[in-house]
Amino acid sequence: AMSDALKKRKSKVVRSETGTPEGKRGRGDGEQEVRVYSEEVELDGSDPAEDYRQYKLTCKALAKLMNEIQELKANGAKDGCAEVEQKRMQSCIHFMSLKKLNRLAHMRLKRGRDQTHEGKQRVDVLHLQLQNLLYEVMHMQKEISKCLEFKSKHEEIDLVSIDEFNKEAPPEISRISITKDDPHQLTLARLDWELEQRKRLAEKYKESLSSKEKIQKSIEVKKEHLSSLQPGLNAIMQASLPVQEYLSMPFEQTQKQIEIARHLPPSLYVLLVQANAYGQACDKSLSVSISGDVDEAKALAKPPDDSQDDDSGDSDAEEEQEKTKRRRPTTGGQLDDKRREMLKRHPLSLCLDLKCKGTHTHTHSLSVTAGCGCVVTIVSCGRELLNSDTLLNCLYANDQGRETPNPANRYQFDKVGISVFGDYVAELGHPYQWVQRLGGLQFPSETPEVCDSLSASHMESTMKLLRGRVQSRLALHKQFSSLEHSIVPVSSECQHLFPTKVLSRLSRWTAITHHEYTNLSFTRHVSDAGLARETDLFFLAVVERGTARLQAAVVLNPRYPEISPLFALSLSWKGERAGRSDDNLRAIESEVNVFKSELQGPRPGHQLLTNQVARLCVCLDVYLETDGQDDSVEGPREFPREKMCLRTARGPNRLKPFKYNHPQGFFSHR
Amino acid sequence: MTLLVSCPFHCFKWLHCFNNSYTFLKFSGTVFFVQHLHMSVFSQSFSPCGRFLAAGNNYGEIAVFSLSSALSPDATDLSQKPILTFTAHEGPVFSLLSTDSHLLSAGNGEVSAWSWAELIKRVIHNLHFSLFSFVFSFISIPPLQENSLVIGGGDNNIHIMDLESGIFKSVLQGHTDYIHCLSVREREGEILSGGEDGAVRIWDCRTGHSVHCIEVFKYEDCARPQYGKWISCLTTDSDWMLCGGGPSLSLWHLRSMSPTSVFPLSGCQRQATFYQDMILSVGEGQFVSHCLMGGEVKAQIPCTPHSLNTLALNLNSTEHRVLTVGGSSHQIDVFANLYYRSFSLSF
């Protein structure tokens, strides 16, 4: 081992000395057997474990040598001793082998490192390649997906279905053989087909337009021709008028009415139609005509947003109001103007003419002018005494015609400052509810529609009430005039209600106001019961006999004779007695007020009032003649007993017999 | 006529004799008719349980009011209206009387009976029987003769009828004019009657004869000739008797048959009653008079009707112990406390 080591060392030395490559090469070029020493080869050849062992051995030997030297030195050997020197030389040799081993180790390490490095490099390169490829793959995938998602515009077009296409398209387009298999080609073919169809249709459209224009022109021509005929027809119509009259077929008249009627607001139109129908079907004495300015009505109807809605010209007036707003910018009279515009009436109005048979030879007729929801004027030829303002009050219960029936008007009125509609009633007329109903208007209603059936259902009853009202009023007025002359007329049918001899007389009959009525002391109970309202008529009657004076305050409801007049009594005879405190006067009130069915006479019961007054006189007679036994007073009685009575006092309240029995002619208790 | 009905009659054997008829129900509703202005209440009667009041008016109607609902703390206007109104007679219902189970009404010559149980359930089933001439009032007869009805008639006689059999047992004759009112002295078994002829007669039930006859108008203290002599109001408390009408209301001691006090009430009294130690009286005048036995008028409590015809005290019930008065109005005043009007029931 040692010799090997020496050899190796020597070789080393040789190598290291020769620095120049030429030299070495020169030497190397097969001159002599120079040992080419390659460390690398040596490295490959040596075994690291062997080297390690070698190293350990060498160290051991060195340690041994050192020990020996030390021993020798310790034993007193001199410096330079041959043994020591020999040992020293040997240890140097050992040192050199150690060095060699060290170097080998280093070289081995270096080589290992180099190899690792190389390997790493290779791995890096591969890794990089991998990354590149992955990136490329990803890119490709993205591209693919983009391609797949691509929506071509052609998909938005609704194409004809494939079967239809195959059937309809001409073969050069459809190319079935190719397209059957290739969907791409199929789609292309279909698109082609679509394009062609569209072109064709566009052409057709152009053609149709042109033909339409042609036809239009021909229509114009024909229209002109027809309108040229109109004057001729008119002439014929005029000529035929006398013929119509002769045949009593007022064809022309009804045509004219229908023509004008078109311009009526819907509610008036309904009223016209229904009234006409009713008049023709049931009531010959009812006739309807339209009066007013047709042109103005036409003008109103012109603007397109003019409402065809319901209600008294308010909605029309609103339109007017807007127009006038533009014309009059001054704010001063604007509120007044607004108000006026709002309450403006529709220019057309209906005149309902109702003929009622009177008791005399002449017939009375009632004309009711209805102007768009309001009753404008009432004219009755015959009696001027009829108070036209209140004649139709309370035709139906509580229908006073002072308030507008449309709740929406409240807001409209507030806007223009109309607080009380009643103030305008004089010019506008009474918006009675029955008029609204006849015009098919019903408030409150959700849809402002005009309803035919509403009008029809009320027509008959309203007409009957109107006629009844006029007749009863006429009868009343006749009665009033005779009562004012202190005559109580009793018709022959009612003679049986009263005895032949009646001594009490009606001495006065006057009309009084509501205020005066409520101020009378003996009418408190009637006012408190709510039976004396402002719409009622009030009268004061005085019945006298001898020193006795009976005052009767009468409340007459406008719906007379449906509702009986109410009498309240006060007697002044030997002191004041009123109906409330005197049981017998109360009984007389009861006799007169409660027994309407007896007193109203033959239908329609107009004689109720006069019969009531007559009965009042009879009862006063009985009251005075059956006055209690006053034995203390001497002398003749003021009113001798002339009426036949069974019993003069009955019951705990000692009522007198006020019931007259016919024909026996005696009085009894009820 | 005046009727007296004694306490319970157990079965109506006399049903078969007379017609049964159903009268129709008429709801007065809450509308105020003209008839209400001219209505007068003539009679009242409380139900045996004390919870209901029946009142009769001049139109022949009877209204049944529920006192328990009108007096309850949560009473409304509707509880002051009758629970039932029906037409009982053709003429005014002058007299009403309750037995233990039935309500008897009289008017215009007929007497009808109505079952309280049915009336409360608003069923009207009339068991009526006709009599002659008009009827004014009912009263009851003492246990001496059970189940009898004493009727004072317009034919100037008093009839006693047996309620079970329906036959008239006896007639008491003596009055010369029709009879206004009847009363009964239970202890002695006597009937008192007052009439238009001004006489108060005392009858013995058993013998049927008039024991006494007092002509009130002949006593100077009581007489008021300016009004007349009729006796319209009569009531007794066994020892004492109250009578009035044309003559002033006066208190009589029956044993001595003399007037002890005369009450200074103007107007003719139509009904009076003894209550505790007071005398309550109603008549002409818009008030209820409270008088003391000594003759003073202690108080006059105002009420709604201008003159009163009937006064009734509900002694059948302890929790509804009220005084009710009715007269020339459609309203009946109810006094829970005697000294002021609580509220009014109205037809």
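User: How many salt bridges does the rule find across the interface of chain B and chain A?

Analyst: This is a predicted model, where local features need pLDDT of at least 70, side-chain atom pairs count only at pLDDT 80 or more, and totals for chains, interfaces and linings use all residues. Residues are numbered from 1 along each chain as its sequence is written, chains are lettered from A and ligands numbered from 1 in the order in which they are written, and side-chain values use heavy atoms, with hydrogens and water left out. A salt bridge here is a side-chain nitrogen of Lys or Arg within 4 Å of a carboxyl oxygen of Asp or Glu. Across the interface of chain B and chain A, the count is two.

User: Which residue of chain B meets Asp583(A) in a salt bridge?

Analyst: The link joins two side chains, N to O, at 3.1 Å. The partner of Asp583(A) is Arg270(B).

User: Which helix gives the largest share of the side of chain B that touches chain A?

Analyst: Helices are DSSP runs (H or I, at least four residues), and strands are runs of E (at least two), numbered from the N terminus. The share in question is three residues. They come from residues 34-37 of chain B, helix α1.

User: What is the area buried between chain B and chain A?

Analyst: Buried area is the accessible area (1.4 Å probe) that two parts lose on being put together, summed over both. Carbon and sulfur atoms give 54% of it here. In chain B, Leu37(B), His38(B) and His306(B) lose the most, together 26% of what that side buries. The total is about 2,300 Å².

User: How many residues of chain A are in contact with chain B?

Analyst: Contact means heavy atoms within 4.5 Å. On the side of chain B, 30 residues take part. On the side of chain A, the number is 24.

User: Where in helix α9 of chain A does the kink lie?

Analyst: Helix α9 covers residues 183-247. The bend is the angle between axes fitted to the seven residues ending at a residue and the seven starting there. The kink is about 35° and comes shortly before Pro242(A). Its place is Leu241(A).

User: What percentage of the residues of chain B count as buried?

Analyst: Buried means under 20% relative accessible area, exposed over 50%, and partly exposed in between (1.4 Å probe, protein chains only). In chain A, with 670 residues, the buried share is 39%. Chain B has 347 residues. Its buried share is 61%.

User: How many strands are there in chain B?

Analyst: Chain A has 23 helices and 12 strands. Chain B has three helices. Its strands number 29.
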